[in-house]
Amino acid sequence: MSDLRKTLGLHVGLLLVLLALNWLLPAYHHGNLARIMVLASYAIGYNVLFGYTGLLSLGHAMFFAAGMYGMGLTVRHLGWSPAPAVLAGVGAGLVLSLVVGFLALRTTGVAFMIVTLMFAQAVFLTVLYFGEYTRGDEGFVIQQVDRILLGIDLTDPNNRYLAALLVFAICLLATFWLVRHRFGKTIIAIRENEDRTRMLGYDVFRHKLGAVVISGSISALAGATYGLLFGYAGATFASVQYSIFPLLWVLLGGAGTILGPFVGTLFMFYLIDLSSEITTAYMLIAGVTLVLLTLFAPQGLMGEVRARLFRWLP
Amino acid sequence: MTVLRTQGLSKSFGGLEAVRDVDLSVPQGQVRALIGPNGAGKTTLVGLICGRIEPSRGTVSFLDQDVTRLPVHQRIRRGMGYTFQITSVLSNLSLRENVALAVRPREKSEDVVEGEVVSALTQVGLVHRIDQHAGDLSYGHQRLLEIAMGLGQRPKLLILDEPTQGLSEGEVAAFNSLIRRLAGETTVLLIEHNMDVVMAVADEITVLDFGAVLAEGTPDEIRKNAGVQAAYLGTG
Ligand SMILES: Nc1ncnc2c1ncn2[C@@H]1O[C@H](COP(=O)(O)OP(=O)(O)O)[C@@H](O)[C@H]1O
Ligand SMILES: [Mg+2]
């Protein structure tokens, strides 16, 4: 019980600090943090599948993009308002992850990675193919008038930050809840030993499919939020780069930890931001740091904290 | 009542017939030992029974229902429990969580689960280590944890694949009395190399050789059987 209080305290504490920062941070970092929180939500979604279920996908950009375009296209072409548009985005991610999961989960290991990569590539090409609607690489802007949610103007930095925090809090607490309950404990068991888990009487396929859908839907929520808050949807977000990012963030922050995705996203964002101030070879600095971290903190930052300091961290 | 019945159960791996036309019938509450030299097909046979391996021919019925086409997890939910020959506990999880995972499929309330976890771990003498990671246990203790997971499933048929391998003498004695306590209620199918254990706990013995049933009978009958002596006991 005291472990629950500690962990709950820690996570709610983080959310309160992030809330306070809304009024404390200078404009530049305020804007960064809003962006980081939305991207961290994406990483949280990725972590459900990679960190907790042990399935490495190389195609999560398709879910992020499904959310972004599900939202963006309904606003742009059907004139939907933000709330139903975001729901459309999440719905698109949910359906896509159900279909992709159903097919891709027939494979395991490297084959699963390749299959998810191929599906994501197909989604990316689809975005380009329907350039008439999506404006392909160039993308399209979501106008200020379309970004007013229940009378709240999301282009205002303050509102944008709070909206990002709200989405982040939902994702964080949802996964916190998930891993403490039956379904979450079962996917962790599948990660640890799939065969053993099956032999205890669990339908492994159904649980994995559930994990893909939860992971894909959270990623889609992040994608829809990103498009809405920052007013743009473009094909870059469906590219392979955006499939690799969440993997890096989660690896860095600690796969299979609740706070890892946020820590990893924050760390990498500022690593690139700071090193690009110093040198144009900033990707080199970022790369070397990543290599050092994987050598000396192979479980990621929060993973190491858990292994060395706080074993009660979820 | 017959808990388990196989008919003509066979499995070939390429050219090798690892299990050949096995007709097995185990009545309710019996402790049935399955013995035979290494490579006789014992692990393959129980794999066919619980659905880990698909048979080339033959049928499996469990509690008078044909389960040959059922996937593993559904057979387990109907009351089969299986412990692995090669220990495969979930090493990064606590003993508590290992056993809880075994209990949950048949129990909704987490409080009841916790109670049963403690009870199963007490029965194998590991309850004082409930919060440790399973991977930190010695090999023998991991075997005991496997058995506790089997108990946590409260199976109608408990299949144990060489459970005493790597246990100390004291632990083997404790294992014997545990099995005797289960007998009568739980049907046990026990693959075992240690003949002292077999003679101590088995009601009946099935001897497997080159994938086929060589002999079947009470421990006394098996001890006297010349064919078994030649194939197995004499050399063991
Ligand atoms: N997956 C497999 N593929 C090929 N051959 C196998 C496989 N599993 C078992 N065998 C072979 O089947 C025979 C029976 O093996 P097994 O059932 O493990 O015997 P036992 O448990 O009695 O020692 C052995 O010759 C073994 O090499
Ligand atoms: Mg064997």
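## Basis of the values

In this predicted model, local features need pLDDT of at least 70 and side-chain atom pairs count only at pLDDT 80 or more, while totals for chains, interfaces and linings use all residues. Residues are numbered from 1 along each chain as its sequence is written, chains are lettered from A and ligands numbered from 1 in the order in which they are written, and side-chain values use heavy atoms, with hydrogens and water left out.

## The shell around ligand 1

The residues around ligand 1 (a heavy atom within 4 Å of it) are Phe13(B), Leu16(B), Ala18(B), Pro37(B), Asn38(B), Gly39(B), Ala40(B), Gly41(B), Lys42(B), Thr43(B) and Thr44(B). By class, the shell holds five nonpolar residues, five polar and one charged. Here Ala, Val, Leu, Ile, Met, Phe, Trp, Tyr, Cys and Pro count as nonpolar, Asp, Glu, Lys and Arg as charged, and the others, Gly among them, as polar.

In chain B, β2 (16-27) and α1 (42-50) each supply at least two residues of this shell. The largest share, three residues, comes from α1(B). Helices (H or I, at least four residues) and strands (E, at least two) are DSSP runs, numbered from the N terminus.

## Polar contacts of ligand 1

Polar contacts are pairs of N or O atoms within 3.5 Å; within protein, one must be able to donate a hydrogen and the other to accept it, and residues adjacent in sequence count only if both atoms are side-chain atoms. A backbone N or O atom of Gly41(B) lies 3.0 Å from a ligand 1 oxygen. For Lys42(B), a polar backbone atom is 2.8 Å from an oxygen atom of the ligand. Thr43(B) uses a side-chain N or O atom, 2.8 Å from an oxygen atom of ligand 1. Ligand 1 taken alone exposes 560 Å², of which the protein buries 59% (Shrake-Rupley method, 1.4 Å probe).

## The interface of chain A and chain B

In chain A, 16 residues are in contact with 27 residues of chain B (heavy atoms within 4.5 Å). The two chains bury about 2000 Å² between them, 54% of it on carbon and sulfur atoms; buried area is the accessible area (1.4 Å probe) lost on putting two parts together, summed over both. Arg182(A), Arg196(A) and Met199(A) supply 36% of the area that chain A buries against chain B, more than any other three residues.

Three salt bridges are found across this interface (a side-chain nitrogen of Lys or Arg within 4 Å of a carboxyl oxygen of Asp or Glu). In one salt bridge, the side chain of Arg196(A) meets that of Glu146(B) at 3.0 Å, N to O.
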